[in-house]
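Please consider the structure shown below.

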Amino acid sequence: CCDPFVDEPHSEYVPLPRVDLPPEHDGDCRGCGYCAERALASRRYVQLSDGKFRCVDMGSASDGATTKVTMHTLVDPGTKVWTLEYAVSFADIWASESYKAAGLPEKAPVLALVHPKNPDMVYFFVKDQLVGVDLRAKEVLEYETHKMIVPENARVFSYGLLPMELPPALSAGNCSVRSTLP
């Protein structure tokens with residue numbers, strides 16, 4: 001991390017928080033079935049939200065049968081200490097009326113992004129849906145079919161998304177954004 005707005009930026013290494021791994025994880029990620037099955041990009045994501053770094057990780061819940069999502073916040077980069085904000089089992093989210101009303105399957109999702117202003121909101125890919133879950137309330141607040149072009153038998157990942165809040169000078173009506181790609 002660093003403050004890019006100071007005259008002489010200085011980078012500081014901040015290790016990511018430790019997370020609970022599934023019981024069968026042997027510590028050697030090259031031979032771990034869990035890590036081979038779920039690419040790191042689909043289960044861990046670090047992003048700024050509400051001005052702080054948030055690290056979201058998906059792993060197995062203590063019962064080993066369901067998936068859980070945790071979120072840690074780096075409150076002060078100088079201390080290099082991550083604070084656990086949430087540890088939510090997807091069984092709790094699946095049991096919510098909002099999840100049932102959305103008609104979504106009880107299937108381990110793929111981590112997509114954290115809302116850039118509201119760290120309670122984390123988005124996941126569930127089949128062809130982008131699903132917004134309020135981790136504090138353990139409820140689905142929004143869902144919509146994503147329109148990303150994904151090759152057959154491929155999976156979507158968070159690295160294809162760039163969540164941000166546009167500054168007022170770039171918001172709708174103030175400028176025109178054009179692609180320079182062919």
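The following paragraphs lead through selected features of this model, which is predicted.

A pair of aromatic rings is described by the distance of the centres and the angle of the planes. With pairing taken as ring centres within 6.5 Å, the structure holds two aromatic pairs. One of them joins F90 and W94: the ring centres are 6.0 Å apart and the planes form an angle of 45 degrees, a tilted arrangement. Both residues belong to helix α3, which covers residues 90–95, and a spacing of four residues sets them about one turn of the helix apart. F90 has a relative accessible area of 3%, and W94 has one of 10%. Because buried means under 20% relative accessible area, F90 counts as buried, and so does W94.

F90 also takes part in a pair with F124. Here the ring centres lie 5.1 Å apart and the planes stand at 85 degrees. Planes over 60 degrees apart count as edge-to-face, and the pair of F90 and F124 is therefore assigned to that class. This pair links distant parts of the chain, since F90 is in helix α3 while F124 is in strand β6 (residues 121–126), 34 residues apart. F124 is buried, as is F90. Taken together, F90, W94 and F124 make up one aromatic cluster.

S89 is part of strand β4, which spans residues 82–89. The relative accessible area of S89 is 17%, so this residue is buried. Its side chain reaches the backbone nitrogen of A91, at a distance of 3.1 Å.

The strand that carries F124, β6, leads on to the sheet. Strands of a sheet pair through backbone hydrogen bonds, either parallel or antiparallel. In this model, four strands form an open sheet with the order β5-β6-β7-β8, and their pairing is antiparallel. Its edges are formed by β5 (110–114) and β8 (139–145), each of which pairs on one side only.

How many bridges join strand β7 to β8? Six bridges connect β7, residues 129–134, with β8, and the two strands run antiparallel. As one instance of bridge pairing, Q129 has T145 in β8 as its partner.

Key. Residues numbered from 1 in each chain as written. Predicted model: local features only at pLDDT ≥ 70, side-chain atom pairs only at ≥ 80, totals over all residues. Heavy atoms only, no water. Phe/Tyr/Trp six-rings, centres within 6.5 Å; stacked < 30°, edge-to-face > 60°. Buried < 20%, exposed > 50% of the residue type's maximum accessible area, 1.4 Å probe, protein only. Polar contact = N/O pair within 3.5 Å; in protein donor to acceptor, adjacent residues only side chain to side chain. Pairing = 2+ DSSP bridges.
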